[in-house]
Amino acid sequence: MNSPGKYFYQALVLLYSVLLTASCHRSLTVSKSDYTQYAIDAQTGADSAFIKYYLPYKEKMQEEMDKVIGQTEQELTKPAAPETLMGNFFADALLTEGLKKDPSIQFTLSTKGGLRTTFPKGNITVSHVFELMPFENEMVVLKLSGENVRKLIDFIVNKDGEPISGMRMKIRNKQAYDVTIGGQPFDVNRTYNLLTYDYLADGGDDLECLRNPLERHEINMKVRDALLENIADLTRQGKKINAQLDGRIVIE
């Protein structure tokens, strides 16, 4: 079954192919070259011939982007707080879809800055998901030492919370305590399997503790596709997105 994201890419590929094919029907030879600089501003008129050429493909892409794929019970916001509705939905969706690919995953991590928008209450379209995650990030699983997980916990504390799932903690005086992963107390002598995405796994957003895991492997799914699939699965079950603040990060 094709996902909405795949339809979007297919439309882009089709548009590119048509333009490329049209350009390949002629054999041109450069006889001379010249250079003129033209200003492009609000006064520049539209090229009606070119618009007519690409408009059907643009309309097809817009149709795909406007497709309603699910609904929310309430607006998913992301205020300056240790835990947010958007952050919880995002992290939980990644964990749910990641576990289908790799049951050894124990928790997930994102960053507040990586979530580029919010979801309104009501209908959610493909476009909303693209706006939330406009990047081509791939999900990866990292096997981390307990020491690197401790550094990750410190990172979350210093950021006053980040989107997580499968992990819970309390923070007092800039120190984490009562930390659990997968429902079990954190043990610095153990190893843990974290699901995140390649940008963070490569050390983005100052996450140097993720750059040298004990093991690393991709699960061949983009973050955006995981979100699309998670929402579609809820819709198939007759459910709406119903993120809740559940106290997974509490600052005292």
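Good morning. In the second largest pocket of this predicted model, helix α3 supplies the largest share of the lining, namely five residues. The space in this pocket amounts to about 170 Å³. Its lining consists of 13 residues, and those closest to the centre are Asn88, Phe89, Asp92, Asn242 and Ala243. Two elements, α3 (85–101) and α7 (223–236), each give two or more residues to the lining.

I turn now to the charged pairs. Side chains of opposite charge can pair when their charged atoms come close. The count for this model comes to 19 salt bridges.

Let me begin with Glu138 and Lys222, whose closest N and O atoms are 3.0 Å apart in a salt bridge. Glu138 belongs to strand β4 (residues 138–145) and Lys222 to strand β10 (residues 215–222), so this pair ties together parts that lie 84 residues apart in sequence. Glu138 is buried, at a relative accessible area of 18%, which falls under the 20% cut-off.

Two further pairs deserve mention. Lys67 and Glu64 meet through their side chains in a salt bridge of 3.2 Å, N to O. Here Lys67 is partly exposed, at 34% relative accessible area, whereas Glu64 is buried, at 3%. Asp246 and Arg248 form a salt bridge as well, with 2.8 Å between the closest N and O atoms. Asp246 is partly exposed, at 37%, while Arg248 counts as buried, at 6%.

Finally, which residues are linked in a network of salt bridges? They are Glu97, Lys100, Glu229, Asp233 and Arg236. Thank you for your attention.

Methods: Residues are numbered from 1 along each chain as its sequence is written. This is a predicted model: local features need pLDDT of at least 70, side-chain atom pairs count only at pLDDT 80 or more; totals for chains, interfaces and linings use all residues. Side-chain values use heavy atoms; hydrogens and water are left out. On a 1 Å grid over the protein atoms alone, a cavity is a set of points where a 1.4 Å probe fits but cannot get out, and a pocket is an open set with protein on both sides within 12 Å along at least five of seven lines; lining residues have an atom within 4 Å of a point. Grid points are joined across faces, edges and corners, and a volume is the space filled by probe spheres set on the points. Helices (H or I, at least four residues) and strands (E, at least two) are DSSP runs, numbered from the N terminus. A salt bridge is a side-chain nitrogen of Lys or Arg within 4 Å of a carboxyl oxygen of Asp or Glu. Buried means under 20% relative accessible area, exposed over 50%, partly exposed in between (1.4 Å probe, protein chains only).
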